[in-house]
Amino acid sequence: MARHVSFDDIRTRFSSAMSDMYRTEVPQYGTLLKLVADINAQTLYQDARGDAALADRGGSEMARIEIERHGAIRLGTPAELHTMRRVFAVMGMSPVGYYDLAPAGMPVHATAFRPVDDEALARNPFRVFTSLLRLELIEDEALRERAANILERRQIFTDRLMTLLDRVDSEGGLNDEDATAFVIEALETFRWHSHATVDAETYHAFHQAHRLIADVVCFRGPHINHLTPRTLDIDATQQAMPDWGITPKATIEGPPRRRCPILLRQTSFKALEEPILFPSENGGERGGERGTHTARFGEIEQRGAALTRRGRKRYDELLAASREVTHGLEGEAQQRALREAFHDFPDDETTLRREGLAWFEYQVTDGASVTNAEALPRERDARLEALIEQGVVRARPITYEDFLPVSAAGIFRSNLGDNGPQHYAATDSRADFEAALGATVEDEFALYEQRSERSLSACLAQLGLASDA
Ligand code: OOG
Ligand code: NI
């Protein structure tokens, strides 16, 4: 029997094919890639002459940055989400986290599909923020039904893709030829279609209810709406964007600039106004009315350390409190106020670790060994600190691999405008989402904790120390 291609390889083939497709569809994305590569090279160069903190993060972290992307799609029905989970599973991507965007005025809830184990993340941490439309939040009953009927009839996956998914289920994987076919077929689902599937009047009715509804309901599939490269210096990238003919949104989402970056900082450029064609009277695709649709945009991100539950709670509190001082501010003034608001959030790795605010992973320093195990503290945390102090063990922050709901809402809003309700009532819809998905979403905090624990146990074992002292 022919050998199966690894899910990691399929993910990399797919993300690279998607990047090529998006570059053709949205040329500004190609410009953004060049700009980010430029800034990353400069940052690495400066860093190599400075404290070498980045290069120090280990070869694999640097190697993945060149190919690292996240994208986003918006699905219309539970069945679509269910099949999408099967598609991403073939790329070694699992649903992590639940994001309810209703309180922020978006009639969707979401998860992020991404690889979860260390090795897969190091190879290619491709992620897709995947939203599901919540039709029940449309108030107008007739409109709600119209949307449901339209979505019911569409098929966003090709027949060949469905066959290949069944093959994975029955045979456990795909051979090279099938993997190639899989990438081609899966890409079809993410492709942009300039032909709307509904007439102009229907489109405008959905658009009026919420622009997001028009975007999800009126097209043949869930076009990829952005693909985001990772920059090592988001402030420098944001600043350089206008010189490259790109206009960024006014504020960077997420935490302020810090010496020790935490979580995720993001900025985007406005969605393009693209020509679309409505079907003609007789239902044909030719000669219909012309219109425009804004859906697809560009985004950049900078990633820092994953925070523990405790650290995240403090981040959420400070961010909420900062609203008062950042309100109405833009650009540098907004960032200055935000930095001020985060003043008390520790900004050195040692304190972040000792206070249990960020996740770290541990590694035995090259050639190091324990000379006097008896003299080490017995209690685990104290023992770890002693080993770090003695230079036997090194601690490195674990990169945040997920998303931030408040930032995501900001990204949605900057591209969809502020029409529609400012917020929908928060209801506990996680169970509905998981029922549609056909799986529970993984807990991001548990994943970071396991990663940290695993690295610590490996260190202690390597040093010949018991892990449960
Ligand atoms: C998704 C917006 C969220 C992010 O990076 O936070 C997102 C969307 O607009 O569909 O991609
Ligand atoms: Ni994004």
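A polar contact is a pair of N or O atoms within 3.5 Å. In this predicted model, R74 meets that cut-off: an N or O atom in the side chain of R74 is 2.7 Å from an oxygen atom of ligand 1. For N225 the distance is 3.0 Å, and for E299 it is 3.0 Å. The protein covers 100% of the 320 Å² of accessible area that ligand 1 has on its own.

## The shell around ligand 1

Ligand 1 takes up the space of the largest cavity. Two elements, β1 (69-75) and α16 (405-416), each give two or more residues to the shell around the ligand. The largest share, 3 residues, comes from β1.

The residues surrounding ligand 1 include H70, A72, F129, Q266, F297, F403, A408 and F412. Sorted by class, the shell has 6 nonpolar, 4 polar and 2 charged residues.

## The nickel ion

Which protein atoms are donors of the nickel ion (ligand 2)? They are NE2 of H70, NE2 of H226 and OE of E299, lying 2.1 Å from the ion. Along the chain, these donors follow the spacing H-x155-H-x72-E. H226 lies in strand β5 (residues 226-229) and E299 in strand β9 (residues 298-303), so this pair ties together parts that are 73 residues apart in sequence.

H70, H226 and E299 are donors of the nickel ion, and H70, H226 and E299 are also among the residues that surround ligand 1.

Terms used:
Residues are numbered from 1 along each chain as its sequence is written. Chains are lettered from A and ligands numbered from 1 in the order in which they are written. This is a predicted model: local features need pLDDT of at least 70, side-chain atom pairs count only at pLDDT 80 or more; totals for chains, interfaces and linings use all residues. Side-chain values use heavy atoms; hydrogens and water are left out. A residue is near a molecule or strand if one of its heavy atoms lies within 4 Å of it. A polar contact is a pair of N or O atoms within 3.5 Å; within protein, one must be able to donate a hydrogen and the other to accept it, and residues adjacent in sequence count only if both atoms are side-chain atoms. Accessible areas come from the Shrake-Rupley method with a 1.4 Å probe; for residues, only the protein chains shown count as cover. On a 1 Å grid over the protein atoms alone, a cavity is a set of points where a 1.4 Å probe fits but cannot get out, and a pocket is an open set with protein on both sides within 12 Å along at least five of seven lines; lining residues have an atom within 4 Å of a point. A molecule sits in a cavity or pocket if more than half of its atoms lie within 2 Å of its grid points. Helices (H or I, at least four residues) and strands (E, at least two) are DSSP runs, numbered from the N terminus. Ala, Val, Leu, Ile, Met, Phe, Trp, Tyr, Cys and Pro count as nonpolar, Asp, Glu, Lys and Arg as charged, and the others, Gly among them, as polar. Donors are N, O and S atoms within 2.8 Å of the metal (3.2 Å for Na, K and Ca); water is not among the atoms, so sites may look incomplete.
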